[in-house]
Amino acid sequence: MIALLRRDLAIATRAGGGFGLGLAFFLVVVVLVPFGVGPETSVLTRIAPGVLWIGALLACLLSLDRMFALDYEDGSLDLLATAPIPLEGVVAVKALAHWLTTGLPLTLMAPLLAVLLNLPPQGFVWLVVSLALGTPALSVIGAFGAALTVGLRRGGLLLSLLVLPLYVPTLIFGAEAARRGAEGMEAGTPLALLTGISLGCAALMPFAAAAALRVNLR
Amino acid sequence: MQQDRGALKSRGMASLWEYANPKRFMQVSAVLLPWMAGLSALCLVVGLVWGFFFTPDDFRQGSTVKIIYLHVPSALMAINAWLMMLVTSLIWLIRRHHVSALAARAAAPVGLVMTVIALATGAIWGQPMWGTWWAWDPRLTSFLILGLFYLGYIALWEAVENADTAADLTSVLCLVGSVFAVLSRYAVLFWNQGLHQGASLSLDKEENVADVFYHPLLVSIAGFVLLFVALVLLRTRTEIRQRRLQALLNRERMA
């Protein structure tokens, strides 16, 4: 499993692996927002946590369809399915690799972009913590969506239609924690619920995703 | 499968699983469908005419209260349609009865239409009463999310070519989606406080709606339930025929 993780990370970080594209997308989304809503700092300060969360979510979504598609096309997914490690484990490792190459960099980059949106200083910690706790859920739920749509020709569009409604609870709690943190309110409750969602998804979603993969590989 | 059916027969019991046989299903549903459709039309006409013309106006809401005869039943059926899809998806995953998977497929568009009716009537009522077509109220938002789940489910059915693969994938999506729909419901409650009134109907409360409105409402709900059953039967029959047609075409191509 560690070998698989190393391999996925190597593929993702290699040139043409799409690493960094998600980050660039995040940057562009955040830069576009002030053009859309106007440059008043008071408005930007108020919407900053939500915009950063939505930007991170979309950037995460962007790279999901690559999670299984490349391995499906060249046949290595079939080999992985017949390998001695359980398919659930493969899914979990691939979701972890996805998080390490998108969720984690997005989390680390968010404070830099928060400066552009004038996030109040006390909000930075909460933004990073909420993203760090919430983005794993995005990767694992996304793995399920990617597993459902792996064999389809126009899977990418369908993937976003399937996955976005599933992201609603994560987004609500994550953005709420970041917003409360930014306004200096108590943010422990949404953060705890967010962590619960992440842990629950990490525990259960690999099974659903593996079931979908088995159907698609049949 | 064969054995337990035999065992049931020997005990003289008709099993529910008998109707998993497409032929049996077609026979029984052919008899049931006209009755269901007729009863549903009767209930809807009685319930709606009674509700619209023979109940007094509410002392605060005026005649807008009468939209309840469309709004509450359609909202009820929108949720129950998803529950039915959940049950039939489980039956398909566990017992591999094709009729079950096709019934789930048949129910989805009906459920989506019910969701849209509930949202639309709610908006029409909300404009004069709340002064807005739409508010990000927990109930409204949950329904919107339910509508999105229906859309995704239908889109996945349409996208996958192999029928059995599609049935499997949509069933898994239905299970996962159900968990997340419930999760979203509570997340949304946490997120925003509501404008929507409490439940119009519940089993544990004495009275939420005055009797004059309540009785036509019950008739109208019965009409919607029967309408849903009739539509699902009709659509399932169409799906089965479509499947047979496809099988015939495939056989012709092979020959």
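Tutor: Let us begin with confidence. The score used is pLDDT, the predictor's confidence in each residue, from 0 to 100. Chain B averages a pLDDT of 84, and 86% of the residues score at least 70. This is a predicted model, in which local features need pLDDT of at least 70, side-chain atom pairs count only at pLDDT 80 or more, and totals for chains, interfaces and linings use all residues. Residues are numbered from 1 along each chain as its sequence is written, while chains are lettered from A and ligands numbered from 1 in the order in which they are written.

Student: Where in chain B is confidence lowest, and where is it highest?

Tutor: Elements come first: helices (H or I, at least four residues) and strands (E, at least two) are DSSP runs, numbered from the N terminus. In chain B, confidence is lowest in helix α1 (residues 2-10), at a mean of 47, and highest in helix α3 (residues 68-95), at 92. Over residues 5-13 of chain B, pLDDT stays under 50, and the model has four contacts for them beyond four places in sequence. Two residues are in contact if their C-beta atoms, placed from the backbone, lie within 7 Å.

Student: What is the mean pLDDT of chain A?

Tutor: The mean is 89, and 98% of the residues of chain A reach 70 or more. Within chain A, helix α1 (residues 2-13) has the lowest confidence, a mean of 80, and α7(A) the highest, at 93. For the model, ipTM is 0.87 and pTM is 0.87.

Student: How many helices and strands has chain A?

Tutor: Chain A has ten helices and zero strands. Its radius of gyration, taken over C-alpha atoms, is 18 Å, close to the 17 Å that the globule rule (2.2 Å times the number of residues to the power 0.38) gives for 218 residues, so chain A is as compact as a globular protein of that length. Along the principal axes, the C-alpha atoms of chain A fill a box of roughly 55 × 35 × 30 Å.

Student: Which residues of chain A does UniProt list as "transmembrane region"?

Tutor: UniProt annotations may be inferred rather than shown by experiment; positions are given in the numbering used here, and feature names are shortened. The unreviewed entry lists residues 12-37, 43-64, 96-117, 123-150, 157-178 and 190-213 of chain A. The span 96-117 of chain A is 95% helix and 0% strand, with its end C-alpha atoms 29 Å apart. For residues 123-150 of chain A, the end C-alpha atoms lie 38 Å apart, and the span is 93% helix and 0% strand.

Student: At what angle do α7(A) and α9(A) pack?

Tutor: Axes are lines fitted to C-alpha atoms, for helices over the stretch in contact, and angles run from 0 to 180 degrees between N-to-C directions. Helix α7 (residues 123-148) and helix α9 (residues 168-182) of chain A pack at about 170°, with axes 8 Å apart. That makes α7(A) roughly antiparallel to α9(A) (angles over 145 degrees). Among the residues that meet are Trp126(A) in α7(A) and Thr170(A) in α9(A).

Student: How many residues does each chain give to the contact between chains?

Tutor: Chain B gives 22 residues and chain A gives 19 residues. The largest share of the side of chain B that touches chain A, 13 residues, comes from α6(B). The axes of helix α10 (residues 188-217) of chain A and α6(B) come within 9 Å and cross at roughly 170°. The two helices, α10(A) and α6(B), are therefore roughly antiparallel to each other. Their contact includes Ala208(A) of α10(A) and Asp168(B) of α6(B).

Technical notes:
Parallel < 35°, antiparallel > 145°, perpendicular 65-115°, else oblique.
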